[in-house]
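Here is a quick tour for anyone opening this structure for the first time. Have a look at the sequence and the 3D view, then read on.

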Amino acid sequence: MTLRRRDLLTGTAVALVAERLAHAEVLSGKLPWRPDAATPPTAVKPGPWEFFAAAEARAIEAAVDRLIPPDPQTPGGKDAGCAVFIDRQLAGGYGHHEGLYNLPPFHDGIEQQGPQAAQGPADMYRAALAALDRYCRAQSYSGQTGRAFAELTAETQDEILRGLESKTVKLDGVDGKKFFEQLLKDTMQGFFADPLYGGNRNMCSWKMIGFPGARYDYRDWVARHNERYPHPPVSIGGRADWTPA
Amino acid sequence: MARKLPAKDVVIVGLGWTGSILANELTDEGLDVVAIERGPWRDTATNYAPNYAQDELRYRIRHELFLRPAQTTFSFRNKQSETALPIRTWGAFMPPNGVGGGGVHWNAETWRFLPSDFVLRTHLTQRYGARFLPADTTIQDWGLTYEELEPHYDRFEYLCGTSGTAGNLQGRIQEGGNPFEGPRSRPYPNPAQQQPFGATLFAKAARELGYKPFPQPSGNMSQAYRNPLGVRLGPCTYCGFCEWFGCANYSKASPQTTVLPVLMRKGNFQVRDNSEVTRINLDPSGKRATGVTFVDTSGNEWEQPAELVILAAYTIFNVQLLLLSKIGTPYDPQANRGVIGRNFTHQTISDCTSFFDRTKFAFNPFIASGAIGMCIDEFNGDNFDHGPHGFVGGGYMGQVQTNGRPIETTPVPPEIPRWGAQWKQAVRDNYQSALKPGTGVHGSMYSYRDVYVDLDPTYRDRLGRPLARITMDFHENELKQNRFLTDKFAEIYTAMGAQRVVKQYRKAPYDITQYQTTHLCGGAVMGSDPRTSALNRYLQSWDVPNLFVMGATAFPQNAGYNPTGTLAALAYWSAAAIRSSYLKNPGPLVHA
Amino acid sequence: MPEGLRQLATAVTAGLLATACAARLAVADNLPSEQDFAQVERGRYLTTVADCAACHTDSGAGGAFGGGKPIETPFGKVLSANITPDRDTGIGDWTDAQFDAAVRRGETPDGERLYPAMPFPYYTRMTLADVLAIRAYLNTLPPIHHVVHSNQLPFPFDIRAGMRLWDALYFEPGPFKPDPGKSSAWNRGAYLVRGAGHCAACHTPKTSLGGDLTHQRLQGYSLQGWFAPDITGDMALGLGRWSVEDVVAYLKNGHNRFAAASGPMAEEVADSSSKMTDADLHAVAVFLKDQPGAATSGKPLGARDPQMVAGAAIYRDLCSACHQEDGTGVAYLIPNLAQASSVASRQPTSLLRVVIHGAQTVATAGEPTAPAMPAYGWQLTDAQIAAVTTYVRNSWGHAAPATSPGEAHKARTLKSGAG
């Protein structure tokens with residue numbers, strides 16, 4: 001059968017070779033191997049939002065652009081695709097705590113016992129963005145009244161984010177601080193992860209810091225001390241140079 | 001109702017490092033061996049190929065190669081007075097899963113413990129007096145000496161192609177190596193790895209301060225290597241995607257790259273993957289194991305009868321299985337009786353982040369291997385006089401930075417906000433000129449009465465079995481040790497010319513959310529006295545002589561080094577005893 | 001076949017029958033206790049060299065040498081025969097002469113022609129003594145009752161009589177004649193390669209009717225989704241860059257410092273050449289390295305060719321961490337693309353297959369590691385696969401025609417056969 005690269009990268013064909021992982025087998029006699037066996041990552045497809053409603057997406061795009069503001073050298077969170085990253089993560093297993101221990105009873109513990117919420121990040125974002133929207137529209141910021149988060153000025157947005165972080169801004173029904181920490185963590189992961197996942201567009205964060213990405217061989221450079229590595233970054237998804245002109 | 005399979009000579013629970021070593025040794029004896037592994041088969045080209053292994057989000061952040069807590073997890077509390085809650089997502093440690101176990105995604109830091117570590121209570125009491133020891137400590141001697149274990153350390157290091165510089169060759173101290181290490185019979189099989197700029201600078205400053213730095217012993221090959229089994233490894237390419245990741249080019253020692261190619265060809269060896277052992281079965285006397293029960297992915301129960309049972313799972317799962325199978329007396333911390341769950345330890349880790357002049361320093365932090373680094377051992381074990389300091393124990397320290405992966409490693413000075421324009425600029429400014437080793441101070445954790453493992457009364461796994469419950473907190477001894485060590489560590493960075501050194505001491509309470517190595521140890525320890533140990537010096541259960549328990553489970557307390565070298569040496573030591581004595585005359589090898 | 005030739009063939013056959021009968025009398029009639037241990041042992045060895053099991057042992061129902069394994073031919077499928085001594089369904093009731101006629105002349109006892117899926121055009125080079133030794137060994141095997149209808153070819157190829165034309169064109173019967181001008185090692189190697197080893201069955205290009213292109217012996221052939229490479233002494237495309245020791249190591253252990261056996265050759269090494277004596281492997285190597293190649297010299301594509309530019313970028317990002325920037329790999333672990341002539345084979349079949357689908361190299365007692373090449377087909381487009389294949393085939397001294405995206409696309413469909 002013909003396997004198209006696109007299908008494989010976007011996960012539809014991964015099931016073909018991943019199925020052996022799900023069954024117990026007795027192995028003996030040789031190292032098991034099959035052709036085309038691989039567990040490639042599932043690349044994000046550009047397109048409409050999969051988790052966020054339009055208004056939610058606007059709020060998230062505005063938020064990530066304040067957490068990581070644009071500057072002349074490097075895009076901000078929005079153009080880097082952080083909102084797309086978060087959208088796709090929440091639409092997937094990450095959003096509903098797939099693979100984590102989700103059995104009851106659920107009790108709040110002490111901080112060092114780790115997160116205990118029954119609710120996954122997807123539910124939290126939904127509730128928090130609704131609460132944030134209600135909060136913003138109810139406030140009045142130097143002439144900005146009844147506006148959604150995305151419609152406020154950058155300074156005001158920063159003020160609200162700082163307030164969530166310091167617990168001075170309280171959202172009804174939602175732990176604003178927990179939401180802020182989740183959002184910050186997800187934004188940063190989207191900013192720095194491989195562009196395959198929707199963020200770090202054009203490897204902008206890697207270019208910003210000089211991280212060469214998915215390169216795998218530095219033997220010629222280990223001993224070159226105090227000499228900044230000069231080559232551009234590479235993503236698992238490849239680069240334009242891979243395709244003949 | 002469990003279906004019974006045809007009997008085997010040996011059943012091994014778990015096919016990680018110790019399972020693979022025992023399987024290879026016992027199949028060489030002609031025995032019919034089956035290994036039962038909870039996780040999937042894993043191999044280089046099919047599971048961590050060089051065209052997608054370099055995925056920080058997938059492997060480091062989402063822990064894809066590790067056990068899913070949904071499959072099973074533990075519960076945790078600091079103190080007995082608290083209610084333990086489940087560890088719903090991993091933080092402080094990452095249990096492995098799958099063929100190869102932790103050996104697939106470890107750093108490959110391959111250390112030996114000190115000779116004094118094996119006779120710790122005797123040694124410390126002799127030197128400092130019993131009153132100097134921390135209150136409530138349960139440290140004890142291991143029941144064997146470094147000298148007895150030395151040939152087995154050597155065997156593991158040659159299996160792995162460990163890259164290093166010997167510091168003590170048969171009693172003669174060697175320049176460039178660790179002068180504190182116990183005597184080794186011969187040099188490392190491979191020369192030390194090359195070191196990047198940061199590590200080299202650290203070593204230079206350390207030397208100037210009067211220390212004796214040496215390269216960290218590394219299971220990442222410094223050159224192509226053929227091990228004594230005929231299996232070949234390639235040269236490490238310093239890719240910076242080592243720990244948490246599988247090695248894509250056969251250059252990190254793992255069961256896959258050192259043992260399995262030979263083991264899998266043997267007609268008398270089988271492995272069942274995706275099969276979770278739920279119980280070790282005993283005969284009516286309770287003194288003899290008859291085999292194990294396991295479940296497959298469809299939930300079907302099977303019974304694997306065997307003459308000899310080797311428990312070779314990750315530390316805490318060994319302990320949990322012993323408790324669930326009612327082998328040995330469970331530890332009661334109030335009464336201070338019982339042994340299963342007792343002497344449970346982790347590691348005392350801290351770090352320093354240092355910031356250098358970005359116009360003068362470029363460290364290329366992404367050029368690294370999992371066991372790269374230059375270290376000093378002056379403050380490990382009892383290598384220095386603890387008298388003036390009021391604590392015992394210690395650890396190695398080093399510029400052991402294994403990565404520059406950006407989600408994890410974009411250091412900024414602590415007063416910089418965590419987001420916004422200032423943050424972004426600080427990341428840009430400091431990425432190439434900051435050093436953040438990660439586990440820079442790698443200190444011991446000694447054992448205490450109130451740090452232990454038992455079964456949780458409330459929380460269960462997907463099969464309905466009680467989770468293992470960890471009760472753990474830091475003691476003042478370790479916190480003192482850590483403050484002392486971290487201060488010494490920071491001095492070296494200052495001597496390197498850092499503009500700013502930020503110390504991150506390890507602080508109480510013990511926090512399950514912060515990664516502190518996966519070096520959980522103890523819980524069913526080895527020793528000379530069945531009242532305070534679960535295993536004799538050959539890792540044989542005092543209670544069930546045809547059961548041997550491998551791994552760091554046997555450590556009565558943890559030392560200031562990574563445990564893999566020592567637990568692998570113990571596996572070879574135990575295998576030798578099984579082959580030369582036990583098989584000829586099955587029964588207790590030691591009469592207490 | 002012309003009448004005169006037919007008469008000659010009959011006469012030859014009769015003569016051979018007579019000899020066979022005489023030989024048969026010298027060898028006892030299927031009674032193990034009277035068979036010569038040395039002959040049986042030699043027969044067992046030769047059976048391994050000829051790799052009879054590769055076709056005659058099916059992993060399914062048939063059992064050891066019980067036949068029933070489908071053999072792909074360009075014209076369809078045949079099933080291998082049951083060659084255990086079973087009297088009803090095997091060859092237990094064949095005379096030694098009949099066995100020899102089958103092995104060395106492609107004739108069944110009822111006068112039918114065998115299809116050359118049974119490599120009798122090569123086995124014909126063997127001596128009668130060697131064939132009878134094989135018979136003696138086969139006689140010691142447990143008889144297996146297993147009915148096989150070998151002829152599964154579609155019309156009109158299922159008409160065995162059609163083989164007469166094929167034989168006329170391509171079958172040169174007769175045992176190997178040593179060349180007095182060559183060393184004994186060379187002659188032994190020639191005997192093995194041209195006879196029991198039947199290397200040309202895979203490694204010699206074929207006509208459209210499946211006969212050897214005799215002026216291009218051992219210069220490579222595409223089958224089962226692989227390209228069995230040129231194994232002459234050619235510098236550019238064959239074994240010219242390998243020493244005799246390199247060839248021996250490859251055949252014995254499946255790995256040498258440059259290359260590793262995978263796919264059908266992995267099976268060959270595991271089942272056959274890894275079990276041959278060092279002396280025989282040495283002989284085979286001496287002979288092969290003395291065979292003439294095509295001696296073509298091509299010019300490699302220039303570095304500025306768009307495929308070369310793209311291929312170099314892919315190679316650096318995806319391949320060099322294992323195969324090195326200069327293509328030299330890691331001896332005995334990662335193939336040395338610079339020194340592996342098979343890289344620049346006439347057709348890129350093997351390279352495309354390995355890049356797209358991955359490949360596991362063979363494990364032998366001497367070299368157990370069995371490193372595997374990962375699959376890249378999921379990650380690269382047809383154009384990208386074609387580019388990196390073209391790059392590798394035109395670097396480090398190799399020169400080969402460019403690979404097209406269409407060829408890459410066709411190679412995504414995995415044909416049956418070993419991985």
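Let's start inside chain A: A:Ala62, A:Ala63 and A:Arg66 in helix H3(A) meet A:Ala154, A:Gln157, A:Asp158 and A:Leu161 in helix H6(A). "Meet" here is about contact, that is, C-beta atoms placed from the backbone and lying within 7 Å of each other. The residues of this H3(A)–H6(A) contact split into four nonpolar, one polar and two charged. For that sorting, Ala, Val, Leu, Ile, Met, Phe, Trp, Tyr, Cys and Pro count as nonpolar, Asp, Glu, Lys and Arg as charged, and the others, Gly among them, as polar.

Before going further, note that this is a predicted model: local features need pLDDT of at least 70, side-chain atom pairs count only at pLDDT 80 or more, and totals for chains, interfaces and linings use all residues. Residues are numbered from 1 along each chain as its sequence is written, while chains are lettered from A and ligands numbered from 1 in the order in which they are written.

Back to the helix pair. The axes of H3(A) (residues 54–67) and H6(A) (residues 154–166) come within 10 Å and cross at roughly 85 degrees. That makes H3(A) roughly perpendicular to H6(A), a label used for angles of 65 to 115 degrees. The axes are lines fitted to C-alpha atoms over the stretch in contact, with angles running from 0 to 180 degrees between N-to-C directions. Helices (H or I, at least four residues) and strands (E, at least two) are DSSP runs, numbered from the N terminus.

Now for where the chains touch. Between chains A and B, 64 residues of chain A are in contact with 73 residues of chain B.

| Element of chain A | Residues |
|---|---|
| Strand S1 | 26–27 |
| Helix H7 | 176–192 |
| Helix H8 | 204–209 |

Chain A's side divides into 38 nonpolar, 17 polar and nine charged residues. S1(A) also runs antiparallel to strand S11 (residues 269–272) of chain B, joined by two bridges; strands pair if DSSP finds at least two bridges between them. In this pairing, A:Val26 stands opposite B:Arg272.

Finally, chain C. Which helix is largely enclosed by the rest of the structure? Helix H14 (residues 349–357) of chain C is, because nine of its nine residues are buried, meaning 20 or more other C-beta atoms lie within 10 Å of a residue's own. Its cover includes strand S3 (221–223) and helix H15 (382–393) of chain C.

Methods: Buried ≥ 20, exposed ≤ 12 C-beta atoms within 10 Å, placed from the backbone. Contact = placed C-beta atoms within 7 Å. Parallel < 35°, antiparallel > 145°, perpendicular 65-115°, else oblique.
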